[in-house]
Amino acid sequence: MATRKELLENVVEQVTDYREGEIAPMSEAHVDKWVKQFPGATQEPILAELAHVFGKTYFTRKNVADFLSAIVSNQKITGNDPKKFWKSVKILRIQTAGNSQKDMLGIFEQALQNTFGLKIADCGANAPDTFFYIDDVLFSGGRIKHDVVKWIKEAAPQTGNLAIVTMAFHSLGQWRTAKDIAEAAKESGKTIKVTWWRVFEVEDRKAYMTNSDVLRPTVIPADPATAAYVQGLSLQPVLRTPGQVGGLGFFSCEKGRALLEQQFLVSGVAVRAQCPNLNTYMRPLGNSMMGTTGFGSMIVTYRNCPNNAPLVLWAGNPWYPLFSRKTN
C-alpha cells in the first residue's frame, strides 16, 4: 500500500502545472494541508482516489496543445488541403466573459504557425462561410450559448457552418446549448449548421445517472447539517444506484467514488456555512442553477478550476482550497 508521502506525490504529479507561473507551485505540503481538513481516516483514501480521478479529468497545458494540434491537422475537419481550409475559415473571438477563449486561441495559433505557418489573422479574410468557436470545457453551457447566440443575431451570415471545439463537454449542457443555438438561428431566419469537436463527452443527464461521470451520491450522508441542507432544497436529489464508475472510468471503483461523493458533500455543506459570500447557486458539489446538491464535475484545467466542481476543491476563506481559483 502506498505511503502518505507517495499518495501526496501522486496527486501533485497529476496537477503540477496548475496556474503555473501565476501562483505558488503545487506541492505535497499544500495538498497535505488541504486534505487534513477531512476526517483523519478518510484522508489517504481521498488522496488515492483523487490521483486516479485527476489522471483522467485534469487537462494539462500539453493536453490542450496536443488536442488543438490534432484539430489543426484533422482531415475529417479540413479535407485534403488543410492549409487552404484554415485560410478560408473564420476563427471567432467573441467570448464576452473570462479569458479561456483567449488562452485557447493563443495555443491554437501556435499550432497553426508550427504546422502551416499561419496566424489567426490569416484565416477567413474573404467572406467565409465556415466559422470556429474554440473554448476549453463546456459545463452548463451558459457562456458558449450566450456568445454564439449573440453572434448569430448580430454577425453571422444568412447561411453558414459553425464548429464548436472544446476539450470536453457535459451531455446536458451541450444538449441545452445546441437546442438554444438552433432556436436562435431559426428566430433570426438563418441557416447555421453546427458541429461539435471534443476529446470526450461527460455524462451528467438524470436519465443516465447510474452510468454518469460526475459526483452523484447514492445516499444522503448521516450528517445533521447535510440532511438539513438537502431538506431545504427546491428539488430533492435523485440518488444514484451504486455499482458503476461511469462510462469514462473517471473513478477507480464504487468505493472510491462514493467516498468522494459523501465527503465532498458533507464538507461542501460545511464550506457553505463557513463562507458567507457564496451565493445560493454555489452548491456543495458545484455551482448549479438547479436546486440540487450540485453540478458534480471533476474536470479541472491547467488554467483554472471551474465553479461547477465541488466547493471543497476551490472555495476559500476560511476553507483552504486545493485549487486557488481565478474569477471573471
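**View 1. Helix α3 gives the second largest pocket the largest share of its lining, 5 residues.** The model is predicted, with local features requiring pLDDT of at least 70 and side-chain atom pairs pLDDT 80 or more, while totals for chains, interfaces and linings use all residues. Residues are numbered from 1 along each chain as its sequence is written, and side-chain values use heavy atoms, with hydrogens and water left out. Helices are DSSP runs (H or I, at least four residues) numbered from the N terminus. Both α3 and α11 supply at least two lining residues each, and the residues lining this pocket include E44, P45, H52, K255 and L259. The second largest pocket holds about 170 Å³ of space, a volume being the space filled by probe spheres set on the grid points.

**View 2. Helix α2 and its buried residues.** In α2, which spans residues 28-35, the residues H30, V31, D32, W34 and V35 are buried, that is, under 20% relative accessible area with a 1.4 Å probe and protein chains only. These buried residues pack against α1 (4-14), α3 (40-57), α11 (254-274) and α12 (311-314).

**View 3. T42 of helix α3 and Q263 of helix α11.** T42 counts as buried because its relative accessibility is 12%, and Q263 counts as buried because its relative accessibility is 16%. Not counting residues up to four places away in sequence, T42 touches L259 and Q263, where contact means heavy atoms within 4.5 Å. Leaving aside neighbours within four places in sequence, Q263 is in contact with F38, P39, T42, I46 and G268.

Conventions: Buried means under 20% relative accessible area, exposed over 50%, partly exposed in between (1.4 Å probe, protein chains only). On a 1 Å grid over the protein atoms alone, a cavity is a set of points where a 1.4 Å probe fits but cannot get out, and a pocket is an open set with protein on both sides within 12 Å along at least five of seven lines; lining residues have an atom within 4 Å of a point.
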